[in-house]
Amino acid sequence: MDRARPIAVRVAGSLAVILGVVTLTFVLARIVSPDPTNLYVSPQADLETRAAIRANLGLDKSIPAQYGQFLADLVRGRLGTSFSTGQPVTSDLTSRLPATFELATYAVIGGTLLGFAVGILSAVLRGSVLDKILRFLTVGGLAMPQFWIGLMLLWIFFVKMGLAPGPVGRLPIGVNPPPRITSFVVVDSLLTGRFGLARHAAAQLALPVVTLGIAVFAPIARTVRSAMIEALRADYIRTAIAMNIPKRTIWFRYAFKNVLLPVLTMLAGVIGFAFSGAVLVEGIFAWPGVGQYALDAIQQSDFPAIQGFVLYAAILYVVIYLILDLAYSSIDPRVRA
Amino acid sequence: MSTLQPARRRRRSTPLSVWLGAGIVAVMAVVSATTRLWAPYDPDTAGVGPPYAAPSRDYLFGTDRVGSDVFSRTLSAATTDFGITLSAVVIAFVIGTALGALAGFYGGILDTILMRLMEIVQAFPALLLAMLMVAAVGSGIVNVIVVVSILGIPNYVRLVRAEILSKKNWQFAEAAKVIGNRPSRVLFRHLLPNSMRPLIAFSSINASWVAIIVASLGFIGLGIEPGSAEWGSMISRGQDSILSGEWWISGFPGIALLLLSASFYLIGDGLSEDSPGSSVLSARLLRRARRGAATAMATAAAARPESTPAPDRILEVIGFSGGFAGPEGVRPVLHDVSFGLRRGVMTAIVGETGSGKTLSALSIVGLAPEGFIRTGGQLVFDGVDLLADEPASYGRVRGTRISLVFQDARGSLNPVFTVGNQLIDACRANRKVSRNEARAIAIAMLERVQIPEPERRMRQYPHEFSGGMAQRVMLALALISEPELLVLDEPTTGLDVTIQADVMKLIVDLVRTEGLTACLITHDLGVVAETCQDVVVMRDGRVRETGSCQQIFTNPQDPYTAALLAASRLVEAA
């Protein structure tokens with residue numbers, strides 16, 4: 001019983017956040033366009049058609065009533081129909097999620113591993129020339145706008161060197177995807193033995209993954225470095241040195257486990273960013289994920305689509321932070337108490 | 001502890017990177033204020049040159065699709081991007097700090113509501129929320145500033161709230177309240193100014209991020225009026241040309257943005273890094289000081305006659321000197337410290353705070369704090385000079401033959417590993433035993449230091465131990481490697497008086513039954529009189545007097561020793 005209560009409080013708090021997010025989106029949506037009827041009909045349509053559509057959309061009711069209807073639909077999992085695609089938002093989102101997940105998974109794994117390696121190396125060799133070079137790269141990664149990195153990578157590797165394919169999405173134009181098993185194109189190609197296809201897909205992934213990976217790598221490397229430096233300076237590390245514990249054990253066990261705590265928080269934020277569809281990265285590489293869907297939706301004032309995406313992002317955020325809390329208590333005994 | 005303070009008090013040097021960043025930002029500020037002086041062409045006029053001209057002497061950064069000069073436009077855009085970034089950061093800083101201070105200081109329902117609101121804002125992907133809000137309120141410079149500052153506010157609220165919460169109960173705040181200051185005055189005059197450094201560091205990092213968000217909005221066409229010069233929209237304009245090879249249209253505005261963002265970042269990163277010795281400047285100082293010390297020592301070593309250590313002494317400290325690196329070389333703190341530790345005897349090093357006793361003891365095992373530089377002397381342990389081939393020599397004796405017991409036991413144990421794990425690791429690092437054997441030894445060790453239920457305690461974490469129990473664990477940790485010499489650095493400071501006596505008695509018993517040599521660092525002469533045979537008196541980094549306990553207590557030769565004794569008798573009498 002004792003353990004259940006805080007979890008219940010957490011879940012209630014999370015639901016409150018999600019409710020707040022969708023409410024804020026609803027309000028913003030109504031400010032942007034109090035009457036989205038124009039998005040459905042041609043400007044020449046007569047008043048009767050307009051009134052019919054308005055009634056159909058529930059726009060003839062008062063704003064509070066519309067809000068109530070909106071929440072009721074939401075609870076039933078009905079996110080409405082996208083103005084621009086004409087499809088239910090739910091199916092639009094689910095059909096685009098695999099692309100985002102595939103891109104984000106590789107970028108997060110690669111960026112995190114590299115970030116840890118660089119951060120630890122930098123901390124252990126603090127003040128050395130290598131440390132300075134690595135820090136310089138990290139600051140560059142943090143200060144470079146994603147969309148610009150993407151464009152420059154395209155110019156270097158696609159236009160100048162011809163090493164990477166152009167920005168046309170998950171597969172070259174005219175190439176059919178493998179049968180769906182995991183929805184990860186590379187994995188599915190390999191599972192069905194189509195190695196040529198897998199190579200194509202991997203080549204398409206390379207630049208977007210690197211672009212997004214930089215956004216994962218840089219903050220992780222920075223956090224790992226400073227947390228590691230702080231941990232190495234702690235009294236308990238001095239004790240370990242005094243007790244003749246081998247250097248490697250000190251770095252990779254004694255200090256590392258203490259480093260994980262601050263880094264996990266950063267990692268949660270970065271994962272949330274990557275999996276909610278890095279909007280601009282997907283845009284530049286014509287990646288058919290949820291980020292690009294959201295970008296299109298905003299540019300076309302497609303509210304049901306925006307709502308759906310925002311809801312997805314909020315749930316993602318809440319779930320990631322719930323997992324973070326659990327991870328925290330499994331690493332830090334002080335939180336458990 | 002005492003001797004560590006000079007290290008912490010060392011001058012906080014501003015890292016080079018901060019100056020570099022500030023320099024670039026300053027240049028950018030000047031340029032963006034005086035764009036018209038520098039721009040060779042009108043930035044907003046098309047056709048000042050041929051379309052898609054590559055960078056040349058006439059068009060430094062080339063021209064774009066409509067033949068505008070990219071160099072002039074990049075300069076002109078600096079005004080927009082720099083201006084928006086700066087305004088948004090200032091607004092977010094002021095509002096966020098005020099809200100955070102109120103929430104942290106007054107707490108209650110205001111705090112709860114505010115924090116929930118902030119959480120909602122932060123649950124949005126930042127760029128998406130910015131896009132939505134700009135779409136809602138319309139584009140334009142003012143709207144972009146407002147939207148971007150709203151996005152920044154939650155960070156300031158959280159940061160300031162945490163700062164205020166951590167300092168609210170500090171003594172100076174309490175004191176300010178006690179002498180009758182109004183709460184608001186305590187908040188604005190006493191608490192906030194003390195939180196400024198992290199705040200300014202954060203603002204700078206925030207500015208780096210804001211510059212990118214502003215450009216991102218411009219990139220997707222949601223920023224300021226389309227067509228006007230802004231880095232993000234310039235990059236967007238060149239997007240299609242990239243694929244046909246005209247990289248400069250997007251390339252140069254991006255480099256400008258990168259420069260601005262990175263400069264802000266360098267300032268913030270440098271300011272938030274508080275560690276001495278980590279900055280470029282002090283790393284250089286350290287190296288220079290070390291070099292100077294090395295040459296001095298080589299000369300001194302050549303001049304010194306060969307000393308023959310007395311065989312009954314396990315450790316001989318001979319002429320040990322050193323200090324901390326400062327701008328003018330090494331500032332000495334230990335002067336020609338010499339003493340010996342007799343085998344099987346408990347020797348006390350006594351002295352007041354700042355006398356160099358802890359520093360001397362830590363130096364025996366090469367654990368002096370970072371920044372300490374040895375300028376001379378020998379440490380002869382069992383006939384071998386430890387300093388001759390450090391750090392390898394320490395590896396052979398540290399832990400295995402010399403063990404340390406630190407002052408703050410709970411801080412000296414790793415918080416995320418069980419006590420049992422740490423004991424087993426320490427045992428296996430120094431003795432050739434299997435994990436199971438090490439486990440048995442660890443349990444036996446806990447029993448020896450009189451910890452009840454040792455098997456259950458093995459599975460517990462340091463925070464589950466009281467101060468006295470933690471110090472017993474520390475003792476078990478030090479003894480598990482079966483050392484010959486045990487150095488105890490104020491082992492009972494910070495414990496309750498009754499527990500102090502228990503722990504001290506345990507230490508004396510263990511030392512006696514094991515036949516250990518012990519070195520006790522303390523300022524408690526009462527303890528010394530009861531437990532030690534030899535005494536070393538230190539003051540201001542110098543050894544004032546050494547001798548047997550009886551001689552020191554009955555017939556002190558040094559006036560300082562006499563004064564120390566008189567003072568402690570006064571305390572006892574009272």
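This is a predicted model: local features need pLDDT of at least 70, side-chain atom pairs count only at pLDDT 80 or more; totals for chains, interfaces and linings use all residues.
Local features need pLDDT of at least 70, side-chain atom pairs count only at pLDDT 80 or more, and totals for chains, interfaces and linings use all residues. Residues are numbered from 1 along each chain as its sequence is written, chains are lettered from A and ligands numbered from 1 in the order in which they are written, and side-chain values use heavy atoms, leaving out hydrogens and water.

Q: How many residues of chain B are in contact with chain A?
A: Contact means heavy atoms within 4.5 Å. Chain A brings 64 residues to the meeting, and chain B brings 74.

Q: What area is buried between chain B and chain A?
A: Buried area is the accessible area (1.4 Å probe) that two parts lose on being put together, summed over both. Carbon and sulfur atoms give 71% of it here. The total is about 6,200 Å².

Q: Which residues of chain B lose the most area to chain A?
A: Together they make up 10% of what that side buries. They are B:Leu132, B:Tyr265 and B:Val416.

Q: Which residue forms a salt bridge with A:Arg253?
A: A salt bridge puts a side-chain nitrogen of Lys or Arg within 4 Å of a carboxyl oxygen of Asp or Glu. The count between chain B and chain A is three. In the one with A:Arg253, the closest N and O atoms are 2.8 Å apart. The partner is B:Asp425.

Q: How far apart are the C-alpha centres of domain 1 and domain 2 of chain B?
A: The domain bounds come from an automatic or database assignment. Domain 1 covers 24-272 and domain 2 covers 310-568. Their centres lie 53 Å apart.
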